[in-house]
Amino acid sequence: MTMLVGFGYDVHRLVPGRPLVLGGVRIPHALGLDGHSDADVILHALMDALLGAAGLGDIGQQFPPSDPAYKGADSLDLLRRVVALLEAEGYRPVNCDITLLAERPKIGPHVGQMRERISGVLGVAPRRVGIKATTNEGMGFVGREEGMAAYAVALIAEA
């Protein structure tokens with residue numbers, strides 16, 4: 001059985017007037033992430049990892065920000081489309097591990113719900129979805145709370 005690993009990274013600026021959506025969950029916070037879609041850095045990094053593992057480019061190629069069809073898009077819906085693309089190529093997700101870089105808010109209370117939503121789309125058990133967060137100890141754009149970033153690694157296998 002062929003197994004392939006992909007790596008993803010995403011970053012978005014924090015701005016007032018937008019909801020904060022992370023891992024498919026709306027989280028109460030004074031600032032939200034700016035982007036063409038809902039700007040969910042966790043799911044965007046995950047999609048790039050899945051697409052990269054399958055050699056299918058990245059989310060900018062699959063869902064161009066220049067396309068008005070994706071304005072305000074729900075990233076869970078985009079993740080469903082990525083999983084469908086994988087299936088069309090003969091692959092299925094096996095697991096993923098994601099790290100969010102953010103000073104605030106604390107995501108611990110929301111991780112269970114994120115894992116449930118992501119695992120439901122990927123078709124894997126929630127324990128196959130790792131989500132954790134770290135701060136930048138006040139350094140850089142994350143430390144100054146100007147934005148958030150996420151790293152993801154994903155494993156896919158032949159279906």
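A: Happy to. Helices and strands here are DSSP runs, a strand having at least two residues, and they are numbered from the N terminus. In that numbering, D10 is found in strand 1, residues 3-16. One thing to keep in mind is that this is a predicted model.

Q: Good to know. Is D10 buried or exposed?
A: D10 has a relative accessible area of 13%, and buried means under 20%, so D10 counts as buried.

Q: What does D10 touch, away from its neighbours within four places in sequence?
A: D10 is in contact with V41, H44, A45, M148, A149 and A150. With H44 there is also a polar contact between the two side chains, at 3.2 Å.

Q: Tell me about H44, then. Where is it found?
A: H44 is found in helix 1, and at 6% relative accessibility H44 is buried. Its side chain also makes a polar contact of 3.2 Å with the side chain of S37. Beyond four places in sequence, the contacts of H44 are D10, H12, S37, D38, A39, I59 and S75.

Q: Which residues does the UniProt annotation "binding site" cover?
A: The unreviewed UniProt entry gives D10, H12 and H44 as "binding site". They are spread over 35 residues of sequence but cluster in space, with a largest C-alpha distance of 10.1 Å. The lining of the largest pocket includes D10, H12 and H44.

Q: Which other residue has a positive phi without being a glycine?
A: E137 is one, with phi near 55°. E137 is found in the loop between strand 6 and helix 5 (140-143). E137 is exposed, because its relative accessibility is 66% and the cut-off for exposed is over 50%.

Q: And which peptide bond is cis?
A: The bond from R104 to P105 is cis, with omega near -5°. P105 is found in the loop between strand 5 and helix 4.

Q: Switching topic to the largest nonpolar core: how many residues does it have, and which touch the most other members?
A: There are 48 residues in the largest nonpolar core, and L22, L46, L50, L79, I118, L122 and M148 touch the most other members. Several elements supply at least two residues each, among them strand 2 (20-22), helix 3 (75-88), strand 5 (91-101) and strand 7 (147-158). Helix 1 gives the largest share, 10 residues.

Q: And what is L50 in contact with?
A: Apart from neighbours within four places in sequence, L50 is in contact with L79, V82, L86, P93, L122, A154 and I156.

Conventions: Residues numbered from 1 in each chain as written. Predicted model: local features only at pLDDT ≥ 70, side-chain atom pairs only at ≥ 80, totals over all residues. Heavy atoms only, no water. Core = buried A, V, L, I, M, F, W, Y, C linked by side-chain atoms within 4.5 Å. Buried < 20%, exposed > 50% of the residue type's maximum accessible area, 1.4 Å probe, protein only. Helix = DSSP H or I, 4+ residues; strand = E, 2+ residues; numbered from the N terminus. Contact = heavy atoms within 4.5 Å. UniProt positions renumbered as here; feature names shortened; annotations may be inferred. 1 Å grid on protein atoms, 1.4 Å probe; cavity = no way out; pocket = protein on both sides within 12 Å on 5 of 7 lines; lining within 4 Å. Polar contact = N/O pair within 3.5 Å; in protein donor to acceptor, adjacent residues only side chain to side chain.
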